[in-house]
Amino acid sequence: MRVSTKAIVLSTVRYGEADVIVKMLTASSGVKSYMIRGLQKSKRGAFRPAMFQPLTLLQLQAIHRDKGYLERLAEAKVSYHYLSLHSDIIKSSMALFLAEILKMTVQEQEPNSGLFDFLTDALILLDTTISPLNFHLKIVLELQHYLGFYPDFERADLPFFNLEEGVFQDNSSGVTRHGDVINDLSRLAKTSFGQLQKWQTTAFQRRELLDLIMDYMQLHATGFKRPKSIEIYRQVFG
């Protein structure tokens, strides 16, 4: 079946000398993987390697057999040209981190317009913002809405956060965190993307928040491992 759909590139893996397999989240059909022949040697073909960088937003014409095999691309064009996501060192480090997170956690086999629209809007906001330092943390936290384990902030006034249950509580039973980092987690949840630039966090705060969110993801996302790109992140952010 031929489909026309928007898509977000999740990962690109080389296959042989010139071919690649590109995994994408599509608006029409969830996660799909496509074999693109000769991409690594292409100079005049319809597709260019730069089109399939992680997190690129595309408009596709594709042939979907929906039988669990690799699908085929007929046409592809960039639907939104990033201004700085892949050129700004801070944003490109975040993009590498986010792409790794999405590759591990987004496994939708059915269309999910809420998830697709959220990711599209969040990536464009990250691309266009002047001060992006907290954006990757906000994106990963809000992603948990769509993964089904967003924390319960109803009792965020309590002093302990239980990572196993995703709730705040008044004692340290279970796997818990306490102190400034859980206050920052609550503030992150309450702060909109539009207000993130006004929240002046330190490198220490961001490291603590990142570690907390990664520990939480490991407990709740099947097969999740701490991204290798965290080390690159730490080199950039200290």
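This is a predicted model: local features need pLDDT of at least 70, side-chain atom pairs count only at pLDDT 80 or more; totals for chains, interfaces and linings use all residues.

Reader: What does Val-20 touch, leaving out residues up to four places away in sequence?

Author: Contact means heavy atoms within 4.5 Å. By that cut-off, Val-20 touches Thr-12, Val-13, Arg-14, Tyr-15, Tyr-34, Met-35, Ile-36, Leu-39 and Gln-40.

Reader: What makes β2 and β3 a pair?

Author: Two strands pair if DSSP finds at least two bridges between them. Strand β2 (residues 19-26) and β3 have seven bridges, in the antiparallel sense, so they count as paired. Ile-21 stands opposite Met-35 in β3, and three residues sit between the two strands of this hairpin.

Reader: And why is strand β3 described as largely enclosed by the rest of the structure?

Author: Because six of its seven residues (30-36) are buried.

Reader: Now the largest pocket: how do you know which element gives the largest share of its lining?

Author: The lining has 13 residues, and six of them come from α1, the largest share. Both β1 (2-15) and α1 (89-105) supply at least two residues each. Nearest the centre lie Leu-10, Pro-54, Ala-95, Leu-96 and Ala-99. By class, the lining has six nonpolar, five polar and two charged residues, and the pocket's volume is about 210 Å³.

Methods:
Residues are numbered from 1 along each chain as its sequence is written. Side-chain values use heavy atoms; hydrogens and water are left out. Buried means under 20% relative accessible area, exposed over 50%, partly exposed in between (1.4 Å probe, protein chains only). Helices (H or I, at least four residues) and strands (E, at least two) are DSSP runs, numbered from the N terminus. On a 1 Å grid over the protein atoms alone, a cavity is a set of points where a 1.4 Å probe fits but cannot get out, and a pocket is an open set with protein on both sides within 12 Å along at least five of seven lines; lining residues have an atom within 4 Å of a point. Grid points are joined across faces, edges and corners, and a volume is the space filled by probe spheres set on the points. Ala, Val, Leu, Ile, Met, Phe, Trp, Tyr, Cys and Pro count as nonpolar, Asp, Glu, Lys and Arg as charged, and the others, Gly among them, as polar.
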